Amino acid sequence: MIEPFDKMIYVTRPVFPTIEEVTDKLRDIWAAKWLTNNGPQHMMLERELKTFLKVPHLSLFNNGTIALIVACQSLRLSGQVITTPFTFAATPHVLSWNNIEPIFCDVDKETMNLDADKIESMITPKTTAILPVHVFGIPCDVDKIQEVADRYGLRVVYDAAHTFGVEIDGRGIGTFGDISMLSFHATKLYHTVEGGALVMKSEHTKQRIDLLKNFGIKNEEEVVMPGINGKLDEVRAAIGRIMLNYVEGERLKRKRLHEVYNEELAEVEGLKLMPKVADNVKLNYQYYVVRIEEETFGRSRDYVYGAFKNFNVYTRKYFHPLCSDYTCYRHLSSSSPANLPVANVIAKQVLSLPMYGDLTEDDVRKICAILKSFRS
Ligand code: T4K
């Protein structure tokens, strides 16, 4: 008989810096009397992140969603953009906010990312770009996606919200495609409370993006494009600078917890664990996701999700429902389940298990024991 946890175990918990570290930085901000609009903390964080992430240019934002909206604007995307239905709501919504039709393409059954072999069949004369997501921090097939994009003259914008610090062959994940978006939301491995960034190849694109995130204001006399307010303020930039000291420690704690999950769940019939990646990929271990195959596990994902609550464990069904099933998108022809057979299966199986550095190995072993006890 397994006892429930005596505290709520959530799918994740934000990393908190010490209050003293925050107070120290607040003193700097108070002394400078500068709160937002490209202040010193903002400028320093941009520089520090560029180095940390091994990327040539980076522009900070107040959240990842606004950043992605601006990325589409900066490349003047229009018409249709091919994306995945297996993602957070923000991904297709960003296209809608740009008056672009999301075209949903099926996903790969192992990585759960956009299936690069199916992209070509979704291209029409209206297609201007591909918007893949590195789901749960597992890199997409970046080479094949770029090859298709090049052949058809399409842009590639990555939703890299889950991929802070991920590298392929020592190369920052943000350097693939034309632009990548990172989210610095509180629930991410690295955060600025709310926040995000765009990573781009050229200084010219950065200049355009910096204008777009500040109302298009070039100087006191000239407003050169219809921009928006996407700026990150000084308080959150300062917290972001502190959090850079925490991110590698948090990554290593999560790496160990991933290993414990893998050890404990490896032999359980009916569970499919996180996809394996090539040796040249450095992961960030932000999420731990299992797929519950009802026929062999004997219980459905929804049963497991509900039963965990009796043990005070609050898992999440990331990402169910599929975006293609939202009321605002299900009328699209690409949303038909016949077009998305793999995504439809995966969305019924996935469950994100608790993953954050403050969990102990014993907590994870107990979560695994609870999960195994559900098998019938
Ligand atoms: N693209 C992708 C692929 C994304 O996953 C996201 C965001 C975006 C784009 C957009 O980026 P941003 O505009 O957000 O920068 C959460 C996050 O709010 C969202 O950022 C994230 N993806 C998504 C996957 O997860 P919810 O609605 O599940 O969050 P919530 O409030 O239910 O939090 C999850 C758990 O975390 C809670 O059960 C408890 C814990 N928690 C949460 C908060 C906010 C805490 O313990 N403390 C906290 O302060 O969306």
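**Entry 1: a loop residue.** I began with valine 193, which lies in the loop between strand 9 and strand 10. Helices and strands here are DSSP runs, numbered from the N terminus: helices are H or I with at least four residues, strands are E with at least two. Phi of valine 193 is near 75°, a positive value in a residue other than glycine. I noted valine 193 as partly exposed because its relative accessibility is 36%. Buried means under 20% relative accessible area, exposed over 50%, and partly exposed in between, with a 1.4 Å probe and protein chains only.

**Ground rules.** I am reading a predicted model: local features need pLDDT of at least 70 and side-chain atom pairs count only at pLDDT 80 or more, while totals for chains, interfaces and linings use all residues. Residues are numbered from 1 along each chain as its sequence is written, and side-chain values use heavy atoms, with hydrogens and water left out.

**Entry 2: another positive phi.** Methionine 112 is not a glycine either, yet its phi is positive, at about 70°. I found methionine 112 in the loop between strand 4 and helix 5. Is methionine 112 buried or exposed? Methionine 112 is buried, since its relative accessible area is 2%.

Entry 3: I traced an open sheet of seven strands in the order 2-10-9-6-5-3-4, with mixed pairing. Two strands pair if DSSP finds at least two bridges between them. Strand 2 (57-61) and strand 4 (101-104) stand at the edges with a single partner strand each, so one side of each has no neighbour in the sheet. From one strand to the next, the twist averages 25°. Axes are lines fitted to C-alpha atoms, for helices over the stretch in contact, and angles run from 0 to 180 degrees between N-to-C directions.

Leucine 58 stands opposite valine 199 in strand 10.

Helix 6 (residues 142-152) lies across strand 5 (127-131) and strand 6 (155-159), at about 150° to strand 6. Helix 7 (residues 203-212) lies across strand 2, strand 9 (179-183) and strand 10, and runs at about 15° to strand 2. Contact means heavy atoms within 4.5 Å.

Entry 4: The order is 11-13-15 in an open sheet of three strands, with antiparallel pairing. Strand 11 and strand 15 are its edge strands, and each pairs on one side only. Helix 11 (residues 301-309) packs on this sheet, touching strand 13 and strand 15, with its direction at about 25° to that of strand 15. Helix 9 (residues 247-265) lies across strand 11, strand 13 and strand 15, at about 20° to strand 13.

Strand 13 got a closer look. Five of its five residues are buried, so strand 13 is largely enclosed by the rest of the structure. Which residues of strand 13 point one way, and which the other? Tyr288, Val290 and Ile292 point one way, Val289 and Arg291 the other. As a reminder to myself, side chains in a regular strand alternate between the two faces of the sheet.

**Entry 5: arginine 291.** This residue lies in strand 13 (residues 288-292), and I list arginine 291 as buried because its relative accessibility is 6%. Arginine 291 is the bridge partner of lysine 272 and stands opposite valine 350 in strand 15. Not counting residues up to four places away in sequence, arginine 291 touches several residues, including Lys109, Glu110, Met112 and Gln349. The C-alpha atoms of arginine 291 and arginine 301 are separated by 7.9 Å, with the two residues ten apart along the chain.

**Entry 6: cis bonds.** Last, I checked peptide bonds. A cis bond joins tyrosine 318 and phenylalanine 319, with omega about 5°. The bond from histidine 320 to proline 321 is cis as well, with omega near 0°. Phenylalanine 319 lies in the loop between strand 14 (313-314) and helix 12, and proline 321 lies in the loop between strand 14 and helix 12 too.
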